[in-house]
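The questions below go through one structure piece by piece. Each answer ends on what was asked for.

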Amino acid sequence: MDIIQLRYFISLAEGNTMKSASEQLHVSQSTISMSLSKLEDELGVDLFDRVGRNLKLNANGAILLKSAQKIISEMQSVRERIKENAKEEMLLVNVVTDVVDFAENSRQVFEKCHPGYKVNIKREADLCRSSFHHSYGTDFAISLFPDVNEARDTSLLLNEPMNVIFPSEACPESGDSVSMKDIAGHILITSHVGSSLRRLFDGYFQMAYVEPTQTVEITDPEAMVIQAAQLHGAAFIPSSLGTHISIKNTPIPGITILKVYETFCSRNIYLGRFDTAETPAIIAYYEFINKYALLTMKLGHMPDAEEYAAWFVV
């Protein structure tokens with residue numbers, strides 16, 4: 001029993017003659033007749049009473065008709081839902097990232113500048129050690145390191161200096177810059193072991209040949225600023241965040257932002273691409289994210305939608 005057989009059966013059961021059913025379904029009468037015979041043979045019962053050339057639905061046929069109509073209706077509903085989902089997927093970009101600030105800020109600008117398109121962001125602690133592409137249907141990865149697992153190719157988006165924040169009352173008296181040695185003498189608010197951020201921060205201290213005297217691990221990167229203020233510690237932040245730090249548009253008081261003497265205290269951001277369909281949304285996002293990174297480096301901060309639109313015609 002298949003969908004085509006049920007469609008032929010329903011047409012006959014709803015009162016059509018073999019000829020009218022043939023015209024309605026755009027198939028030959030012999031095709032419908034053979035399909036009905038096969039269906040009855042499979043079920044082991046007659047579905048119609050034959051009165052000459054006329055077919056009259058019997059009790060067995062009435063039972064099947066009720067279920068067949070439900071099946072056809074549900075199949076139509078499934079088709080419509082699948083088509084709708086396919087349309088939504090054409091407008092969706094799936095991004096996995098361990099660079100939350102850049103990914104989230106760029107997402108907001110992209111969605112404002114490209115109405116109708118949506119970016120779905122999935123956070124991962126370390127994209128170089130996680131296997132996620134097949135699980136999440138990922139289109140892009142925005143990563144601190146180039147060796148993104150499962151990526152088809154990876155390119156550098158931007159490079160920027162890292163700053164460090166201190167509680168204002170515990171800020172070193174060294175002007176507008178501070179050395180890694182000075183940072184090591186304070187409580188370091190850092191990410192957890194195994195994360196890309198922790199690997200990046202640990203690398204700074206290794207290159208400076210110093211170690212922080214005390215570390216406090218924070219799982220959520222966005223909470224580092226708050227914890228630095230509360231615990232009188234130091235935390236690295238990218239220079240593109242600017243000099244006015246806020247969480248969910250609420251300014252964080254009592255902190256001072258300093259530059260770091262050592263030029264190796266910087267971060268690279270890479271874009272990894274995966275083997276997914278080249279939908280209009282994906283094409284638009286790829287073009288956008290490269291322009292957005294370029295403008296971030298030019299301005300020294302992550303632009304909002306108005307700044308982006310002023311530089312690029314959307």
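Q: Where does S195 lie?
A: The model is predicted, so local features need pLDDT of at least 70 and side-chain atom pairs count only at pLDDT 80 or more, while totals for chains, interfaces and linings use all residues. Residues are numbered from 1 along each chain as its sequence is written, and side-chain values use heavy atoms, with hydrogens and water left out. Helices (H or I, at least four residues) and strands (E, at least two) are DSSP runs, numbered from the N terminus. On that numbering, S195 is in the loop between β8 (187-191) and α8.

Q: Is S195 buried or exposed?
A: Buried means under 20% relative accessible area, exposed over 50%, and partly exposed in between (1.4 Å probe, protein chains only). The relative accessibility of S195 is 3%, so S195 counts as buried.

Q: Which residues does S195 touch, not counting those up to four places away in sequence?
A: Contact means heavy atoms within 4.5 Å. With residues up to four places away not counted, S195 touches A125 and D126.

Q: How many helices and strands does the chain have?
A: The chain has 314 residues, of which 42% count as buried. Among contacts with a separation of 6 or more, 72% join residues 24 or more positions apart. The secondary structure comes to eleven helices and 14 strands.

Q: At what angle do α2 and α3 pack?
A: Two packed helices are described by the angle between their axes and the distance between the axes. Axes are lines fitted to C-alpha atoms, for helices over the stretch in contact, and angles run from 0 to 180 degrees between N-to-C directions. Helix α2 covers residues 18-25 and helix α3 residues 29-43, and their axes are 8 Å apart. The packing angle is about 105°.

Q: Why are α2 and α3 described as roughly perpendicular, and which residues make the contact?
A: Angles under 35 degrees count as roughly parallel, over 145 as roughly antiparallel, 65 to 115 as roughly perpendicular and the rest as oblique. The angle of about 105° therefore makes α2 and α3 roughly perpendicular to each other. The contact is made by M18, K19, A21, S22 and L25 of α2 together with Q29, I32 and S33 of α3.

Q: By class, which residues does the contact of α2 with α3 have?
A: Ala, Val, Leu, Ile, Met, Phe, Trp, Tyr, Cys and Pro count as nonpolar, Asp, Glu, Lys and Arg as charged, and the others, Gly among them, as polar. On this division, the contact of α2 with α3 has four nonpolar, three polar and one charged residues.

Q: Which residues is S22 in contact with, leaving aside neighbours within four places in sequence?
A: S22 lies in helix α2. At 12% relative accessibility, S22 counts as buried. Apart from those sequence neighbours, its contacts are V27, S28, Q29 and I32.

Q: Is H26 buried or exposed?
A: H26 is in the loop between α2 and α3. H26 is not a glycine, yet has a positive phi of about 60°. With a relative accessible area of 71%, H26 is exposed.

Q: Where is Y209 placed?
A: Y209 has a positive phi of about 60° although it is not a glycine. Its relative accessible area is 77%, so Y209 is exposed. Y209 is placed in the loop between α8 (196-208) and β9 (214-218).

Q: Which residues of α1 and α3 meet?
A: The axes of helix α1 (residues 3-13) and α3 come within 9 Å and cross at roughly 105°. That makes α1 roughly perpendicular to α3. By class, their contact has six nonpolar, three polar and two charged residues. On the α1 side are Q5, Y8, F9 and L12, and on the α3 side T31, I32, S35, L36, K38, L39 and E42.

Q: Which residues does L299 touch, not counting those up to four places away in sequence?
A: L299 is placed in helix α10 and, at 27% relative accessibility, counts as partly exposed. L299 and S240 are 59 residues apart in sequence and 8.5 Å apart in space, C-alpha to C-alpha. Beyond its sequence neighbours, L299 touches E307 and W311.
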